[in-house]
Amino acid sequence: MSSPMSEIFTSFQDYLNTEQELREEIRTIVKDIEQSAREVLTTLQSIHHEGGIQEIPTSCQKARVLYEAIKNGYQKLADKIPMDQYYRYHDHWRFVTQRCAFLASLTVYLESGQLASRETVAEMMGLCVRREEGFHLDLEDYLMGLLQLSSEMSRFAVNSVTCGDYARPLQISRFVAELNAGFRLLNLKNDSLRKRFDALKYDVKKIEEVVYDLTIRGLKPGGANPTGEGLSDNA
C-alpha cells in the first residue's frame with residue numbers, strides 16, 4: 001500500500017477508534033443513569049404495597065433526592081455529546097430517558113395529582129426542552145413516559161382498592177381519561193408511540209372496571225349501594 005493511501009486509512013482508523021471510545025463512555029454513563037432510575041422505581045413501587053399509600057410523601061421525597069444522581073448523569077452526557085450530534089447517539093439513552101420521564105411524571109402525580117409538563121420533567125432530569133439549546137428532553141421520549149404512566153395508574157387503581165382506599169381509583173380514572181383525551185388530539189406518526197397509545201385504551205378500560213366494581217358494591221365514596229350488599233336484613 002502506498003504511503004498516501006496508508007495515511008488515509010490510518011486516519012480512518014483513528015476516527016473509528018475515537019468514535020468507539022466515545023460510545024463506550026456513553027454506555028458507561030447510561031448504565032449509571034439506569035441504576036439510579038431503578039432505585040427511583042424501587043422507591044416509588046412502595047405505593048403498591050400495604051401501607052404504602054400513607055408513605056407517598058416520604059417516597060416522593062426520597063425519589064427527588066435520587067433524581068439528583070440522574071441529573072448528574074445527564075450532565076455528564078451533555079458534556080460528552082456535541083450540540084449538533086444529539087440524535088446521532090440518541091438511541092443509547094432513548095429508553096432510559098423514557099423511563100426517567102415516566103418516573104418523574106409519576107412523582108409529580110403522586111405529589112399533586114397533576115400531569116407533569118414537559119418542562120417540569122426536563123427540569124427534574126437536568127435537561128433543556130428546546131432542541132437548539134443542546135442536550136434536551138425529546139418530545140417523543142416525554143410522551144412515551146406519559147404512556148408508561150397510564151399503565152402504572154391502572155395498576156395503582158387496583159392496588160388502592162386492595163389497600164382500602166376507595167376514593168383514589170375515581171381520581172385516577174379522571175386523570176387517565178383526560179390523559180387519553182389529550183393524546184387523541186395528537187396525530188401520531190411515530191410507530192412505537194402509536195402502538196403504545198393503542199394500549200392506553202386498555203388502561204382506561206381497566207380503571208373504569210375498577211370504578212364500576214366499587215359502584216355496584218356500594219363502595220364508591222358518596223354513592224348508593226345498588227346491590228344491597230352489606231345491608232342487614234332489617235334495613
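A salt bridge is a side-chain nitrogen of Lys or Arg within 4 Å of a carboxyl oxygen of Asp or Glu, and in this predicted model Lys-71 forms such a bridge with Glu-68, the closest N and O atoms being 3.8 Å apart.

**View 1. The whole chain, from which the close-ups are taken.** The protein has seven helices and zero strands, and its radius of gyration is 23 Å, well over the 18 Å that the globule rule gives for 235 residues, so the protein is more spread out than a compact globule. Taken along the principal axes, the C-alpha atoms fill a box of roughly 105 × 35 × 30 Å. Of the 235 residues, 41% count as buried, while the accessible surface comes to about 13,200 Å², with 51% of that surface belonging to carbon and sulfur atoms. Among contacts between residues at least 6 apart in sequence, 71% join residues at least 24 apart.

View 2. Helix α2 has 25 residues and reaches 36 Å from its first C-alpha to its last, close to the 36 Å expected at 1.5 Å a residue. The buried residues of α2, among them Ile-56, Cys-60, Tyr-67, Gly-73 and Leu-77, pack against α1, α3, α4 (118-125), α5 and α6. Gly-73, placed in this helix, has a relative accessibility of 7% and therefore counts as buried. When residues up to four places away in sequence are not counted, Gly-73 touches Ile-29 and Ile-33. The C-alpha atoms of Gly-73 and Leu-106, which are 33 residues apart along the chain, are separated by 20 Å.

**View 3. Arg-168 within helix α6.** Helix α6 has 17 residues and reaches 24 Å between its first and last C-alpha atoms, close to the 24 Å expected at 1.5 Å a residue. Arg-168 is placed in this helix, and its relative accessibility of 18% lies under the 20% limit, so Arg-168 counts as buried. Leaving aside residues up to four places away in sequence, Arg-168 touches Ile-53, Ile-56, Phe-156 and Ser-160. The buried residues of α6 also include Pro-169, Ile-172, Phe-175, Leu-179 and Phe-183, and what covers the buried residues of this helix includes α2 (56-80), α3 (90-112), α5 and α7.

**View 4. Helix α7 and the glycine that follows.** At 1.5 Å a residue, the 26 residues of helix α7 (residues 191-216) should span 38 Å, and the end C-alpha atoms of α7 are 39 Å apart, which agrees. Just after α7, Gly-218 takes a positive phi of about 75°.

**View 5. The salt-bridge network at Glu-19.** Glu-19 forms a salt bridge with Arg-23, in which the closest N and O atoms are 3.1 Å apart, and Glu-19, Arg-23 and Arg-88 are linked in a network of salt bridges. Because Glu-19 and Arg-23 are four residues apart in helix α1, they are separated by about one helical turn. Glu-19 is buried, with a relative accessible area of 13%.

**View 6. The salt bridge between Asp-91 and Arg-94.** The side chains of Asp-91 and Arg-94 meet in a salt bridge with an N to O distance of 2.6 Å, and both residues lie in helix α3, three residues apart, about one turn of the helix. Asp-91 is exposed, with a relative accessible area of 54%, whereas Arg-94 is partly exposed, with a relative accessible area of 23%.

**View 7. A nonpolar surface patch that includes Phe-12.** Met-5, Ile-8, Phe-9 and Phe-12 make a nonpolar surface patch of about 400 Å². Phe-12 is placed in helix α1 (residues 3-44) and, at 44% relative accessibility, counts as partly exposed.

Key: Residues are numbered from 1 along each chain as its sequence is written. This is a predicted model: local features need pLDDT of at least 70, side-chain atom pairs count only at pLDDT 80 or more; totals for chains, interfaces and linings use all residues. Side-chain values use heavy atoms; hydrogens and water are left out. Helices (H or I, at least four residues) and strands (E, at least two) are DSSP runs, numbered from the N terminus. The expected span of a helix is 1.5 Å times one less than its number of residues. Patches are made of residues with over 30% relative accessible area and no salt bridge: like charges are joined within 9 Å, nonpolar side chains (Val, Leu, Ile, Met, Phe, Trp, Tyr) within 5 Å. Accessible areas come from the Shrake-Rupley method with a 1.4 Å probe; for residues, only the protein chains shown count as cover. Buried means under 20% relative accessible area, exposed over 50%, partly exposed in between (1.4 Å probe, protein chains only). Contact means heavy atoms within 4.5 Å. The radius of gyration is taken over C-alpha atoms; the globule rule is 2.2 Å times the number of residues to the power 0.38.
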